[in-house]
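Please keep the viewer open while you read.

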Amino acid sequence: MRASRLVSLLLVLQTEGQLTAPELAGRLGISERTVQRDAHALALAGVPIVSVRGAAGGYRLERGYRTRLTGLDAGEAEALFVGPAAELGLGRELAAARLKLLAALPAELQERAGRASRLFHVDMRGWFREEDRVPHLPELAGALWRGRRIDIRYREGGAVVSRRLDPLGLVLKAGVWYLLAQRRGEERVYRVSRIVSARERPEPSVRAPGFDLADAWARRSQSFERSRTPIEVTVRVARSQVRYLRAARIVEPGERPTVVAQFEGLDHAVHVLLAYGAQAEVLAPPALRDRIAAAAAETAALYADSRA
């Protein structure tokens, strides 16, 4: 543990230049006192580390000094190529791998890499959507790395069922994690946030030779998208809301124009239009109007009961 920390301190100074003790403590997740002890240990080991006194002081390496200690270990190499590493339990390995990679780059490339990280950031979570909770994601990832079978308890509707699976891969789509796995020889998809528990088994998982996760996911996605039959909905809405409806065309103008809009199926239309409340009145198709009317009546009854 300490050896790894000393290497990290050395590489931070090599890539960043002079830093104060508080800055180093923040970067490495240690105390300032530990920074001082580690800097002293590096100096005793022959590393030309300089302690600069004063308000603008800190620690730096002698000019021209570069360590060759930049090799990645197995965990760091895996983490470097997995984007959302923190959720998979590989956050520390990813940070160490990036640091070692930066230290191995020439100075001009270090500057470009550092500038890119300051200018570009990827946030895969969607707005106005509750974040999926995936506490069992590290267990699933571990079973995948080790090629082991897993037992899960999974929430299906109002019930919780048990499943023994051969995991094939984890997929992050639009901020939502999915597990692609085989059950009784058939490929299935499980939303990770619905997994109640996960336990790795000792026996190896079954995986077809040449299995390609990207191709398999593409096939599943295409099949799912074909199953969602698009529908057109005629709805009367406030004029200010028309622009928020997909491919909306006005068929009857006015303060509350009648428009025809497109949705990705009946369930999608129910979900979207219920959010409009009284600002939207569905005119067609009748099945959608009935579903929204029933949902509105249930909601009204719920609140009426709470006042009784």
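Let us begin with a pair of strands: E8 (residues 231-237) and E10 run antiparallel and are joined by six bridges. Strands here are DSSP runs of type E with at least two residues, helices are runs of H or I with at least four, and both are numbered from the N terminus. Two strands count as paired if DSSP finds at least two bridges between them. Within this pairing, Val235 has Val259 of E10 as its bridge partner.

Before going further, a word on the source: this is a predicted model, in which local features need pLDDT of at least 70 and side-chain atom pairs count only at pLDDT 80 or more, while totals for chains, interfaces and linings use all residues. Residues are numbered from 1 along each chain as its sequence is written, and side-chain values use heavy atoms, with hydrogens and water left out.

**Around strand E10**

E10 also pairs with strand E9 (residues 249-252), again antiparallel, through three bridges. Here Glu252 stands opposite Thr258 of E10. The hairpin of E9 and E10 has five residues between the strands, and Gly254 takes a positive phi near 145 degrees there.

Is strand E10 largely enclosed or largely open? Five of the six residues in E10 (residues 258-263) are buried, so the strand is largely enclosed by the rest of the structure. Buried means under 20% relative accessible area, exposed means over 50%, and partly exposed lies in between (1.4 Å probe, protein chains only).

The loop between E8 and E9 holds Gln241. This residue counts as buried because its relative accessibility is 18%. Leaving aside residues up to four places away in sequence, Gln241 touches Tyr276 and Gln279; a contact means heavy atoms within 4.5 Å.

**The five-stranded sheet**

Another part of the model is an open sheet of five strands in the order E6-E5-E4-E3-E7, with antiparallel pairing. Strand E6 (186-191) and E7 are its edge strands, each pairing on one side only. On average, neighbouring strands of this sheet are turned by 45 degrees against each other, direction ignored.

Seven bridges connect strand E4 (residues 159-173) and strand E5 (residues 176-183) in the antiparallel sense, and Leu172 has Trp177 in E5 as its bridge partner. Helix H7 (residues 137-146) packs on the sheet, where it touches strand E3 (148-156), E4, E5 and E7; the direction of H7 makes about 70 degrees with that of E4. For such angles, axes are lines fitted to C-alpha atoms, for helices over the stretch in contact, and values run from 0 to 180 degrees between N-to-C directions.

**Salt bridges**

How many salt bridges are there? The count comes to 16, where a salt bridge is a side-chain nitrogen of Lys or Arg within 4 Å of a carboxyl oxygen of Asp or Glu. Three of them are listed here.

| Pair | N to O distance |
|---|---|
| Arg201 and Asp151 | 2.9 Å |
| Arg291 and Asp267 | 3.1 Å |
| Glu186 and Arg188 | 3.6 Å |

Arg201 and Asp151 form a salt bridge. Since Arg201 lies in strand E7 and Asp151 in strand E3, this pair ties together parts that are 50 residues apart in sequence. Arg201 counts as buried at 16% relative accessibility, and Asp151 does too, at 13%. Both belong to a network of salt bridges that links Asp151, Arg164, Arg199, Arg201 and Glu203.

Arg291 and Asp267 also meet in a salt bridge. This pair links distant parts of the chain, with Arg291 in helix H10 (residues 286-307) and Asp267 in helix H9 (residues 266-274), 24 residues apart. Arg291 is partly exposed at 37% relative accessible area, whereas Asp267 is exposed at 55%. In the pair of Glu186 and Arg188, Glu186 is partly exposed at 44% and Arg188 is partly exposed at 29%.

**The chain as a whole**

The chain has 10 helices and 11 strands, and 34% of its 308 residues count as buried. Among contacts with a separation of 6 or more, residues 24 or more positions apart account for 55%.

Finally, confidence: pLDDT, the predictor's confidence in each residue from 0 to 100, averages 79 over the chain, and 74% of the residues score at least 70. Confidence is highest in strand E7 (residues 195-204), at a mean of 94, and lowest in helix H4 (residues 74-80), at 51.
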